[in-house]
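The entries follow the order in which I looked things up.

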Amino acid sequence: MIRRLCLALLLAGTAASAQAQDLLIKGGPIYTGVDGAPAAEAVLVRDGRIAWVGRLADQPAVPATVATVDLKGAALFPGFTDGHAHLDGIGWRELTLNLEGSASVAEAMDRLKAWAATHPEGPIVGRGWIETHWPEGRFLTAADLDAAAPGRVVLLSRADGHAVVASTPALAAAHIDASTVAPSGGEILKGADGKPTGMLVDAAEQLVSGLMPQADPDATREAYRAGFRVEAAYGWTGVHFMSAPWRDIPLLEAMAAGGEAPLRIYNSVTPDGAAALIAGGPRSVADGRIITRAIKYYADGALGSRGAALFEPYADRPDTTGLMQITEAEIVPLYESALKGGIQVATHAIGDRGNASVADWYAEALAKVPASERPNGADVRWRIEHAQILRPADYADFETLPIIASMQPSHAIGDLHFAPARLGDARLDGAYAWHSLVDRGVIVVGGSDAPVERGAPLIEFYAAVARRDLNGFQGPDWRPQEAVDRATALKMFTLWPAYASFREAELGTIEVGKRADFTAFDVDLMTAPFADIPKGKAVLTVVDGEVVYRAD
């Protein structure tokens, strides 16, 4: 793995600045993603575009100067795009304390103790813990952090990013005590003694945001470089960057202009950039390598930290129905402004109440701003990010408005271990309902939500078609009928993300004239047993005809 990542770094640092290379790729099955088309045997690339694809027997004459890539049996697909990820968070995960995979409170705190010993100065920031499978069966607390890193300001975000646990020195520095009132849309968890436990949920995270170390531009650039390296090595050719910090857009654009952005990035920016983006209009640099034309809003929180907004109380905590992050009066005028400015909107919604609210708000804004007053007319392609828990009666909103459902299959195979307890059985009928939405003709964009999840495309594809965890477990109540077939799963990570970013005419399938974006895996996703899919790896990542990652 280290050798492959080093090679990815070398290629990622040079690929975007190099001239597109003419290539002939063959030596393995080539799945074009075109409905009804058989697998091809070779594809020819000229000037970054697909010049020909078909059977070897029909291959046109190829000049000797054209480089040949031998797949050696690997399967080639249209370039895989992560339809929902956080590129900055992926990079920072590589550079800060990573608690992903911690098997217990004890193991997580051992990692913190070791990190504190090797990083004796400044605040400690980390992410990736999740308690749902821990034997202790509880959230982290300030007391845990204090014991592992005495006297230190420590802020450790839960894997979903919707809650953070703060050490006692951090709470003190932020002036959080028993009398502190949580901001609207947030919760300060407190113990039986009335004192904060250290857990701050959703909007309450803002209370400690000032304690986060402010990264200098060089550190931020290095985080993005790390994110690019990881994503290229996984086989992603593009990322829909959700909650892209508005302040970082010029940096990403400069990186693209300087040849440091090997992958396609489609930015959905933080709300602080909404007014400027609407006023200036969509942005595109480096021949579309970095495009910014969407705004990301939040309607509710996450299921794991019980911040997802539900119509009925949580089954395992009847005193709460979750947390809405915004109101109709606040958001509808913002949606209207986006419509008038030709800017796409993506709204985070996980709970059934959160999703129904967003659909209602979308309908209201669309009714107030007729197509004649929109630069894009009726073609707005608004999205709900996650669309995780729906009432089946609300599926029709996605079909009729319409709404793009941007969903992350790995959430279902992780959440299956705790979602039944959170929701009860009846609400699982509308949970992670990929198949039901696809059957209605809804565009379902597949993503990973990394660094919330690991972010590997093979795990996401496996989750979509198997709907089982990585050990093969599903459980008796996990609605196996919501798994999708392989052809649909392929669209979820290729053609449908292209559509959701207004680029289906040039991306998403292997067809003559389209941009030469390809992903090759050493496992054939269309024929391999389900259990073998997540065991594979990417062996080739090509963007605009340029190899940006090749395995040893």
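Entry 1, ground rules. I am working with a predicted model, in which local features need pLDDT of at least 70, side-chain atom pairs count only at pLDDT 80 or more, and totals for chains, interfaces and linings use all residues. Residues are numbered from 1 along each chain as its sequence is written, and side-chain values use heavy atoms, with hydrogens and water left out.

I looked up the strand order and found an open sheet of six strands, 7-8-9-10-12-11, with mixed pairing. Strand 7 (97–98) and strand 11 (186–190) are the edge strands, each pairing on one side only. Strands here are DSSP runs (E, at least two residues), numbered from the N terminus, and two strands pair if DSSP finds at least two bridges between them.

Entry 3, strands 9 and 10. I found strand 9 (residues 154–158) antiparallel to strand 10, with three bridges. Leu156 sits opposite Val165 of strand 10. Four residues lie between the strands of this hairpin, where Gly161 has a positive phi near 75°.

Entry 4, strand 12. Strand 10 also pairs with strand 12 (residues 196–202), antiparallel over three bridges, and Val164 faces Leu200 there. Strand 11 and strand 12 are antiparallel over four bridges; Gly186 has Asp202 of strand 12 as its bridge partner.

Is strand 10 (residues 163–166) covered or open on its faces? I found both faces covered: Ala163 and Val165 on one side, Val164 and Ala166 on the other, are all buried. Buried means under 20% relative accessible area (1.4 Å probe, protein chains only).

How values were computed: Buried means under 20% relative accessible area, exposed over 50%, partly exposed in between (1.4 Å probe, protein chains only).
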